[in-house]
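Please examine the structure shown below together with its sequence.

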Amino acid sequence: MKRFLFIFFISSLILFANDENIQENLENDNNISQEEILNESRKYDPLSGYNRAMTHFNYGFYSYVTKPIAKGYAYVMPAPARVGIDNFFTNLLFPVRFVNNLLQLKFKNAGKELGRFLINTIWGFGGFMDQATHTVGMDIYRENFGSTLAYWGVGEGVHIVLPFFGPSNLRDAFGSIFDVVLSPTQYTGHNTIPYKIPQKIDHGYAIATFYGVNLVSFDPDSLEKLSERRVDLYEVLKYYYNQKRDEELKKTFETGE
């Protein structure tokens, strides 16, 4: 059990600082009023003491460990190669999206995800090129078990900040465990699922770390940009996370095919 939890937290090295929605919010930060963030801060938050402490820890880990490594990696690895690696992992994580679309009875979307996987694997040189998006024009349906639980009426619960992973809520945190079990890049149990890549626990750590560093390398300064603009980093990150999830779940309920 301890090993499984450690895998979960290590896999969370894909830091919230690199989240695409947070990047978009950074670009439009001047349009976010302090009143909007203040309204978010008024919501019930019984874990605020722990959450603030964990936000401080995550920010320190990001500043002194993740950011320097990501910058060094970006210096030696050309941007096109990093984009290709990101495409490869997105394609590789197809089982998470496929299964969760099925669990939401979105059989057409699940079929499209299968089509995307086959196109990118065969035509996109193993997934390093996203031909399904850029050539065929196929959408990606980014469903996870957190959104599946929401689809079936499970409430989000209280806000919680996870070590390394950043802002979340009880529903999404629980759902992430299921997604880790589905992920081909994570070693779980005795790896009875045939498509699992890691054959040892250390392999899973290495893959998760590499994937996380590659993601953060696209903009390693993003979290510092955010902290410089706002006084209360915890409330801002909570606001952005909740806005992001609202947008994602809106798509979940709209794309019910």
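**Helix packing and salt bridges**

D221 has a relative accessible area of 25% and is therefore partly exposed (buried means under 20% relative accessible area, exposed over 50%, and partly exposed in between, with a 1.4 Å probe and protein chains only). The model is a predicted one, in which local features need pLDDT of at least 70 and side-chain atom pairs count only at pLDDT 80 or more, while totals for chains, interfaces and linings use all residues. Residues are numbered from 1 along each chain as its sequence is written, and side-chain values use heavy atoms, with hydrogens and water left out.

D221 forms a salt bridge with K67, and the closest N and O atoms are 3.1 Å apart (a salt bridge is a side-chain nitrogen of Lys or Arg within 4 Å of a carboxyl oxygen of Asp or Glu). Because D221 lies in the loop between α11 and α12 and K67 in helix α4, the pair ties together parts that are 154 residues apart in sequence (helices, H or I of at least four residues, and strands, E of at least two, are DSSP runs numbered from the N terminus). K67 is buried, with a relative accessible area of 11%.

A search of the whole structure finds twelve salt bridges. In another of these, the side chains of D232 and R52 meet at 3.1 Å, N to O. D232 is in the loop between α12 (222-229) and α13 (233-254) and R52 is in helix α4, so this pair ties together parts that are 180 residues apart in sequence. D232 is partly exposed, at 28% relative accessible area, and R52 also counts as partly exposed, at 36%. A network of salt bridges links D45, R52, D232, E235 and K238.

The discussion now turns to the packing of helices. Two packed helices are described by the angle between their axes and the distance between the axes. The axes of helix α4 (residues 48-76) and α11 come within 8 Å and cross at roughly 80° (axes are lines fitted to C-alpha atoms, for helices over the stretch in contact, and angles run from 0 to 180 degrees between N-to-C directions). The angle therefore makes α4 roughly perpendicular to α11 (under 35 degrees counts as roughly parallel, over 145 as roughly antiparallel, 65 to 115 as roughly perpendicular and the rest as oblique). T66, I69, A70 and Y73 in α4 meet F210, V213, N214 and V216 in α11 (contact means heavy atoms within 4.5 Å).

Helix α5 (residues 79-92) also packs on helix α11 (residues 201-216): their axes come within 10 Å and cross at roughly 130°. This angle makes α5 oblique to α11. R82, I85, D86 and F89 in α5 meet I207, F210, Y211, N214 and L215 in α11.

Finally, R171 belongs to helix α10 (residues 170-182) and counts as buried, at 6% relative accessibility. Leaving aside residues up to four places away in sequence, R171 touches G146, L149, A150, V154, G155, E156 and L249. R171 and G155 are 16 residues apart along the chain, and 6.9 Å separates their C-alpha atoms.
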